[in-house]
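Hi everyone, thanks for coming. Let me put the structure up, and then we'll walk through how the two chains meet.

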Amino acid sequence: MPSERIDDAIAERPPHQAGKNGASHGIDTPIADAGEDGVTDILPYALEDAGAPPSLFPDYKSTVLRSPRQPLITLPQTLTETTGPSDVWNQLMGSAKADLTAEHKAPPQGQRIVVSGRVLDEQGRPVPNTVMEIWQANAAGRYIHGKDNWDAPLDPNFTGAGRVITDAEGRYSYTTIRPGAYPWGNHKNAWRPAHIHLSLLGPAFATRLVTQLYFPDDPLIEIDPIANAVPMPYRNRMVCRFDIDSTVPNWALGYLFDIVLKGRDQTPFEEGDDHDH
Amino acid sequence: MTIEASPDLETRNAAPRLDNLDPSLFGQTPSQTVGPFFHYGLPWKGGADLVGPSDMGARPELFPADHYVLATSGVTGTPQGEVIEIAGLVTHGNGDPIVDAMIEIWQANAAGRYRSIDDPREDIAIDPHFTGFGRGSTDESGIYRFRTILPGRVPGPGNSLQAAHIAVSVFGRGLIKRLATRLYFEGAEGNDVDPVLTLVPQDRRDTLIARKREDGVWWFDIAVQGERETVFFGL
């Protein structure tokens, strides 16, 4: 089971890989006790780790005018940053839509796949009951979006949007089709590798994450400026794993993908506190 | 000589490789851009209206109606507090509007309580009609809009009390990472001693302060780069 592999990995990880790596961003110390109003020991979420991409990555040309030139200011995390809307996803995004192949009259074109995994924090703890939103292009690499003018067919039976909610162990699963690669205007003959867009709230404002899932053995990853903004080897954190065990016989290929959100070093509450994310 | 099939034919898996599940790579999943084509997947009708049912926030004209699979407004009842509208122009480095940005807000209710189990202050009531979270797209002129309520003040580090503020996230094509900032209100009590605002160099502090226009809208431009670049926070 992949989860056991990860659990083992956490136990075996050397300290410098323990996820919390604020070295390039300065201090990351807990906030002092706020005392009388009952807000005690707000432990901040970790800053980004060594796998984080920069905001400015000139090979991805749109970043040149869309990245701040002033340094980010590190703030002391407060309740504003350590809380989030994770508990009210249903009121916001609505109920789950975990089968992107079942939204229309007929099945969409393309290779049916099941993507499953867990949402974890960087201490390896599951993030339960959290929403992950999903959107993607169709099998030909075309988005159902009026501004996508790539000359590939739309599929009336495929929207390519859905959302899943993690269970008590942080697990999720969704069914879709494998998206196609598509050209884009970044440079001559630029092609995006096949990818699925993912958006997660996590437990707090600080844990908000938008990312992309890539597929193994896609040679376009290696030359894609967006994926390349993430340095190696961390880029491979975004590459899912083909898995015969989650492949459904005579139905769909299975891929595994765990998402790791920023975590807090430790809970300020006593043992047995079960509401910690 | 007999040739037989491999005994593990039905149980073998592909060899592990250096990928998402490799133990040596375990750590934060890196951020990637939302790209330009998120409108059918993220900003739902009413996502930018935290006060009542409406279509604010969505751009349904950008994709066929029969491909609208997003939620619709889940606002029920009327939240407590002063209803406000906030809006602004999102621009990039040469001053041009960013017409494909997505803005999210997160805020406390009128009493200063967050709708989250991680806000432990049970003496301050949750407002059942207020989530505190909103999401909206910029329109074809680069302007975003939210309808919400004026947030109450929330404790900060030590014994400090933060001035009323709203946490803001900016996403878009060309933004590999979410940019996080804060919206404060011009003239609000506590701005001068706010523990976050006072961390910001004086000459950039006004980029975090919304101003009330004559039409009553709190205006808060977001410049991701360029002259009067908005202050963004690392977290």
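Let's start with one pairing: A:Thr74 has B:Gly234 as its bridge partner in E10(B). That belongs to a parallel pairing by two bridges, between strand E1 (residues 73-74) of chain A and strand E10 (residues 233-234) of chain B. Strands here are DSSP runs of E, at least two residues, numbered from the N terminus, and two strands pair if DSSP finds at least two bridges between them.

A quick word on the ground rules. This is a predicted model, where local features need pLDDT of at least 70 and side-chain atom pairs 80 or more, while totals for chains, interfaces and linings use all residues. Residues are numbered from 1 along each chain as written, chains are lettered from A and ligands numbered from 1 in written order, and side-chain values use heavy atoms, without hydrogens or water.

Now the whole interface: 117 residues of chain A are in contact (heavy atoms within 4.5 Å) with 93 residues of chain B. Together the chains bury about 9,300 Å², 59% of it on carbon and sulfur atoms; that is accessible area (1.4 Å probe) lost on being put together, summed over both.

How many salt bridges are there between chain A and chain B? Eight, counting a Lys or Arg side-chain nitrogen within 4 Å of an Asp or Glu carboxyl oxygen. One joins B:Lys177 and A:Glu48, at 3.0 Å, N to O.

Finally, have a look at B:His39, in the segment before strand E1 (83-91) of chain B. B:His39 is buried, at 2% relative accessible area, where buried means under 20% (1.4 Å probe, protein chains only).

Methods: Buried area is the accessible area (1.4 Å probe) that two parts lose on being put together, summed over both. Helices (H or I, at least four residues) and strands (E, at least two) are DSSP runs, numbered from the N terminus. Buried means under 20% relative accessible area, exposed over 50%, partly exposed in between (1.4 Å probe, protein chains only).
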